[in-house]
Amino acid sequence: MRANQLAVVRMAPFAAALARAGRGRGLAVARMRYQLRGWNGTAQSPVADVRWVLDELARRFPGVPVALVGHSMGGRAAIYAADHPSVAAVVGLAPWIEPNDPYHSVAGCDVLVVHGDADRVTSPKASAAWTRQAATVAASATYVSVRGEGHAMLRRARLWHELAGDYVVAKVLGDAGMGTGVVAKVLAGEPSLVV
């Protein structure tokens, strides 16, 4: 994917929010781009890219826990690659979920799925159902429905950024005092929230 594609550009504020949330706490933020555009059927092209990045991070930083944060197809790729031994947490932002997508891949991970209830590109209902399944094997799993929000995550961007940033810092760095408001409820183990 090219650096100027909207899917790539849309994640830049999330990377910045993660960096801010983890500043001075030892959190490193890495962004990736897929070699090919699209899921590409059974090839599941983005999953191989995510796994390659995870292998590289594990080689460079052995034993360091990783959180995967992905939007739409990136959220789906994160879910598929979550069984990598380095992955401690997964944040799916309006993820593209299909009925038969795996949930056992997040076994032992902390999982946060955030979806706008007005999304017409990916299914909030599918995300909520998948999160309920994931909760049976994950260390924790929470679904947050954002009222009036569509797929682009722009109407309440600050909320999305804070949720992702504070959740990752809390779960990967063990800083449970990270959040207030919605984040605090997520960290307290609420299985489902509407904000």
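D110 counts as buried, at 13% relative accessibility. Buried means under 20% relative accessible area, exposed over 50%, and partly exposed in between (1.4 Å probe, protein chains only). This is a predicted model: local features need pLDDT of at least 70, side-chain atom pairs count only at pLDDT 80 or more, and totals for chains, interfaces and linings use all residues. Residues are numbered from 1 along each chain as its sequence is written, and side-chain values use heavy atoms, with hydrogens and water left out.

**Overall build**

- The protein has 6 helices and 5 strands. Helices (H or I, at least four residues) and strands (E, at least two) are DSSP runs, numbered from the N terminus.
- Along the sequence, the pattern is α-α-β-α-β-β-α-β-α-α-β.
- Of the 195 residues of the protein, 49% count as buried.
- The protein exposes about 9,500 Å², and carbon and sulfur atoms supply 54% of that area. Accessible areas come from the Shrake-Rupley method with a 1.4 Å probe; for residues, only the protein chains shown count as cover.
- Take the contacts between residues at least 6 apart in sequence: 57% of them join residues at least 24 apart. A contact means heavy atoms within 4.5 Å.

**Salt bridges between separate elements**

- The count of salt bridges is 6. Each is a side-chain nitrogen of Lys or Arg within 4 Å of a carboxyl oxygen of Asp or Glu.
- K171 is partly exposed, at 25% relative accessibility.
- R76 and D101 also meet through their side chains in a salt bridge (2.9 Å, N to O). R76 sits in helix α3 (residues 73-81) and D101 in the loop between β2 (87-93) and β3 (110-116), so the pair links parts that are 25 residues apart in sequence.
- R76 is buried at 7% relative accessibility. D101 is buried too, with a relative accessible area of 5%.

- E56 forms a salt bridge with R60, the closest N and O atoms being 3.8 Å apart.
- Both E56 and R60 lie in helix α2 (residues 45-60), 4 residues apart, about one turn of the helix.
- E56 counts as buried at 18% relative accessibility, whereas R60 is exposed, with a relative accessible area of 56%.
- A network of salt bridges links E56, R59 and R60.
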